[in-house]
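Here are some notes to read alongside the model. Please keep the 3D view open as you go through them.

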Amino acid sequence: MSEQQGTIDRTVDVAVVGAGMAGIKAALELEARGLNVCVLEARDRVGGRLKPGHIAGHKIDNGGQWVGPQQKLLLAEAETHGVEKFDQYRQGKSVLDFKGKQSLSSSDVPKMPFVSLLDLQRTVSKLDALAFSLPSDAPWSVRNAAGLDGQTFETWIQANCWTEYTREFLRMVTRSLLCCEPKHVSFLYFLEYVRGGEGLDILLGVKGGAQEAKFRGGAHQITEKMAAKLKSPVIYEAPARAITQHDTHVEIVTDRGTVTAERAVIAIPPTLASRINFANSLPVRRDHLMQRMPMGTVIKVHVAYDKPFWRDKGLSGMGVSDLMPCNVFFDQSPEDASCGILVGFIDADAAAEYSTAGDNARRQAVIDSATQFFGPEAKNPIDYVDNDWTSEEWSKGCYVAHMAPGVMTTFGAALREPCGRIHWAGTETATQWQGYMDGALQSGIRVAAEIADRRGLAMAAE
């Protein structure tokens, strides 16, 4: 019987909980330092919030997929493993459905009255300036942190935007980036997310922005290729149920046995980590932080057609709406255009509604949205696939966890702080590109260096 099927009782230097990009990167970095590592994964696959899928005979990403030129760690990792990128299709005009009016645009900004456009430009500049004023390693320490963290982004929008056009546009932005409504997220946390993504224009942009390119064969294969280089294979279907700290080691109880390790890395979203029984060994601040970081609410959808008919109309396949259930679409067609594929998102409150509406209702809402964006040809897809991240047991949402008012200033300092022999990784703990694959890689590199430093200090003391 292989170790992937039997019990896994063993002793290692470091146990890593979670085989997403962060966990596997941490394990590779630790193995490169000569440590014996064990990676425990609750699912039957690697990747975490990266997930493979198929539609109409073509590979797709049901999870994270895009990369921008600023994301150097991800680009380097992909190159290391021979995964090539290619540009997101963007030829033609975007369809913008905003405030009950539809327009075509060569930019990502809806047509709006001149005063509203000036207001939007002024507001985005103000948001970027505030975001870039935050210290990258401790946003909770900025001057007036309590004031920034004591309000929702919605409260700030209402108080600082002159026009309803600008207010509604920023609500759309929040849903697209964090998969939550602005009334649910701290203004300080929103600013920190903007800072980590190098500004709103970069976060929202295609050319030169975070959606500039995708990976041939899918982003999920990067994690698969990374895992293949581990000296000890990932152990699947082994969710961590309890972790007990001792003076010299930790014990991790899983569904398949117990792993004893000198140190542990927790590389899963905070809300999942909160479900592990730590036997009262965590500081109160860390424990309460995990309870207060819910995941975003999103359903990722793909719709396939005989051909990318929107291109014949001079459209890029990108659509953005402030009211439709599926409020964002991109062209996901294969490079040879052998069929047409749209990728879209139902997010924030709409995702919560359609998660329980049933498969048929969700499919119809997506097709109706595509039809409104791109015309009657969208009514007759040849295939449809969606992935409801809110219903996945080992994700409980996507893309990233967020913080409500008061959480960052009260509990934020515990985000990366080790708790004895327990260390924290995952994209939420990154100081740059948190919520993205690049952030996940950064967190894996950081936590491996952190453990190496602490082991070195302990050995020197002995």
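1. **Ground rules.** This is a predicted model, in which local features need pLDDT of at least 70 and side-chain atom pairs count only at pLDDT 80 or more, while totals for chains, interfaces and linings use all residues. Residues are numbered from 1 along each chain as its sequence is written, and side-chain values use heavy atoms, with hydrogens and water left out.

2. **Domains.** The protein is divided into domain 1 (10-48 + 220-282 + 419-455), domain 2 (85-108 + 205-215 + 298-388) and domain 3 (114-174 + 182-202); such bounds come from an automatic or database domain assignment. Between the C-alpha centres of domain 2 and domain 3 there are 26 Å. Where these two meet, 11 residues of domain 2 are in contact with 9 residues of domain 3 (contact means heavy atoms within 4.5 Å).

3. **The cores.** The largest nonpolar core has 58 residues, and Phe153 and Leu178 have the most contacts inside it. By nonpolar core I mean a set of buried Ala, Val, Leu, Ile, Met, Phe, Trp, Tyr and Cys residues joined through side-chain atoms within 4.5 Å. Buried is under 20% relative accessible area, exposed over 50%, and partly exposed in between (1.4 Å probe, protein chains only). Helix α7 (residues 187-196) gives the most to this core, with 7 residues. Both domain 2 and domain 3 give residues to the core, so it lies between them. Another core, of 36 residues, lies apart from it, with Val39, Ala78, Phe215 and Val265 among its members.

4. **Helix α7.** How many residues of α7 are buried? The count is 10 of its 10 residues, and α7 is mostly covered. (Helices, H or I with at least four residues, and strands, E with at least two, are DSSP runs numbered from the N terminus.) Its buried residues pack against α3 (114-132), α4 (145-149), α5 (153-160), α6 (164-178), α8 (200-204) and α15 (407-411). At the start of α7, the backbone nitrogen of Leu188 has a side-chain oxygen of Ser186 within 3.1 Å. Just after the helix, Glu198 takes a positive phi of about 65°. Leu178, for its part, touches residues including Tyr189, Phe190 and Tyr193.

5. **Helix α1.** The 12 residues of α1 (residues 21-32) should span 16 Å at 1.5 Å a residue, and the end C-alpha atoms are 16 Å apart, which agrees; the expected span is 1.5 Å times one less than the number of residues. Since 10 of the 12 residues are buried, α1 is largely enclosed by the rest of the structure. Just after α1, Gly34 has a positive phi of about 90°.

6. **Lys25.** This lysine is in helix α1. Lys25 counts as buried because its relative accessibility is 12%. The side chains of Lys25 and Glu77 are joined by a polar contact of 2.8 Å (a pair of N or O atoms within 3.5 Å; within protein, one must be able to donate a hydrogen and the other to accept it, and residues adjacent in sequence count only if both atoms are side-chain atoms). Leaving aside neighbours within four places in sequence, Lys25 is also in contact with Met226, Leu441, Gly444 and Ile445.

7. Phe345 is found in strand β15 (residues 340-347) and, at 6% relative accessibility, counts as buried. Not counting residues up to four places away in sequence, Phe345 touches residues including Trp66, Pro325, Asn327 and Tyr399.
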